[in-house]
Amino acid sequence: MRQTILSIILFLCGINVAWSQSVSADSVRIERNGKYLSVDMTLSLSGLAVESNRAVLLTPRLSNGMDSIDLPSVGVYGRERYIHYKRKNGKNMLGGSDWMSYKARKAPDLIAYHTIVTYQDWMDGAALILHKEDYGCCNTVLAEQYRLIEKYEAIKPQREYAEYASKLSERETRTIRGSATVTFPVNETTICPEYLDNQKELARICATIDSIRNDTTVVIVSVWLKGYASPEGKYEHNRELAIGRTEALRNYLRQLYDFEDGVISIDYEPENWEGVRRYVESSDLEHRKEILEIIDDCSIDLDTNEMRIRKAYHKEYKRMIDDCYPRLRRTVYVVELRVKNEE
């Protein structure tokens, strides 16, 4: 009883007990993406020692009050235990035959853990806990321990929504301008949640929409999206990219929300030169002044201006490609809402 109480105290205080030297979780990300919640982390097993007839099961768990859900487990098996399970075609693997199972001697030091679950309201504020179980023969649990890894806090809607909500009168219309941006790899029009900060940015858009949909006093009138492409390449090609990227986000939102036809409208800007200029003006590029003069030269078409910078200032252009251009391939949004009629 004393040992149990001590373990609970250690857990609640956030202290890593002895097994923290053998298992750890780093680079933890818990992010909502529409109606799903993704959990990503790197599990380090470098110090984990498993005896031949033993097995260790690591199970991440989301928990909030009386609600909890176990995420897919990682099983590490000693030599004899691994052979025993394999002889039964993996049917009795502790973590399930379709999930991560390793023979102790061949287990990697680092495991890139990733899973997606359907989002539920109770997950806002949930704790991510790593449950470690040590097994002996006959699947007997010899010991179990818990470690608090992270706490998930949902991204809240932007501050201006709360301000608008308190000021809206019947039939009044207001807009929420989102600062979130969805970025795209070069020449791509497919949304990649793992690219740069896309998971967080997509979650921000959804959090804004969700906050309005859950407010019974207002209704969404329209969602306006504007897509941008970066200047490298031909203008016409960039125009196609800007349109395609905006349509990709519109389709993404249509899959998550049952908007009526015409609610989501799109716009585009083939080349985000305004963003390029802001970057160059605030940078320490060696030929910053000369590059700004080229950008501001309206007597020459945009394709020629881009080529002039690329040829004359190759070093600076390479830095612009790496540091600036990925952030220019983006989509911004505006949500318009109106108070519902009480009649």
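## Buried tyrosines and aromatic pairs

At 8% relative accessibility, Y317 counts as buried, a word that stands here for under 20% relative accessible area, while exposed stands for over 50% and partly exposed for what lies in between (1.4 Å probe, protein chains only). Y325 is likewise buried, with a relative accessible area of 1%. The model is predicted, so local features need pLDDT of at least 70 and side-chain atom pairs count only at pLDDT 80 or more, whereas totals for chains, interfaces and linings use all residues. Residues are numbered from 1 along each chain as its sequence is written, and side-chain values use heavy atoms, with hydrogens and water left out.

A pair of aromatic rings is described by the distance of the centres and the angle of the planes. Two aromatic pairs are found in the structure. In the pair made by Y257 and F259, the ring centres are 5.6 Å apart and the planes stand at 40°, so this pair is tilted. Rings of Phe, Tyr and Trp (its six-membered ring) pair if their centres lie within 6.5 Å, and planes under 30 degrees apart count as stacked, over 60 as edge-to-face and the rest as tilted. Y257 is buried at 7% relative accessibility, and F259 is buried with a relative accessible area of 18%. The other pair joins Y317 and Y325, which are arranged edge-to-face, with 6.1 Å from centre to centre and 85° between the planes.

## The chain as a whole

The chain contains nine helices and 13 strands, where helices (H or I, at least four residues) and strands (E, at least two) are DSSP runs numbered from the N terminus. Of its 343 residues, 46% count as buried. Among contacts between residues at least 6 apart in sequence, 70% join residues at least 24 apart, contact meaning heavy atoms within 4.5 Å.

## Nonpolar cores

A nonpolar core is a set of buried Ala, Val, Leu, Ile, Met, Phe, Trp, Tyr and Cys residues joined through side-chain atoms within 4.5 Å. The largest such core has 30 residues, and those with the most contacts inside it are L37, M41, L43, L62 and L128. Two or more residues each are supplied to this core by β1 (24–33), β2 (36–44), β3 (55–64), β5 (74–77), β7 (110–118) and β8 (127–135). The greatest contribution comes from β2, with four residues. Leaving aside residues up to four places away in sequence, M41 touches A25, D26, S27, V28, P60, I111, A112, Y113, L128 and I149. A second, separate core of 26 residues includes I176, L202, A248 and L253.

S27, one of the residues touched by M41, lies in strand β1 and is exposed, with a relative accessible area of 59%. Although S27 is not a glycine, its phi is positive, at about 50°.

## Packing of α4 against α5

Helix α4 (residues 198–213) packs with helix α5 (residues 235–256) at an angle of about 50°, their axes being 12 Å apart. That makes α4 oblique to α5. Axes are lines fitted to C-alpha atoms, for helices over the stretch in contact, and angles run from 0 to 180 degrees between N-to-C directions. Angles under 35 degrees count as roughly parallel, over 145 as roughly antiparallel, 65 to 115 as roughly perpendicular and the rest as oblique.

The crossing of α4 and α5 is right-handed; a crossing is left-handed if the near helix is turned anticlockwise from the far one by less than a right angle, and right-handed if clockwise. On the α4 side, the contact between α4 and α5 is made by L202, I205, C206 and I209, and on the α5 side by L249, Y252, L253 and L256.

V23 sits in the loop between α1 (2–12) and β1 and is buried, with a relative accessible area of 0%. Apart from residues up to four places away in sequence, V23 touches S44, L45, L48, L58, L130 and R147. The C-alpha atoms of V23 and S46 are separated by 7.3 Å, although these residues are 23 apart along the chain.

T183 belongs to the loop between β10 (173–178) and α4, and at 2% relative accessibility T183 counts as buried. Its contacts, not counting residues up to four places away in sequence, are with Y195, L196, N198, P326, R327, R329 and R330. E293, by contrast, is found in helix α7 (residues 288–295) and counts as partly exposed at 48% relative accessibility. Between the C-alpha atoms of E293 and N305, 12 residues apart along the chain, the separation is 9.9 Å.
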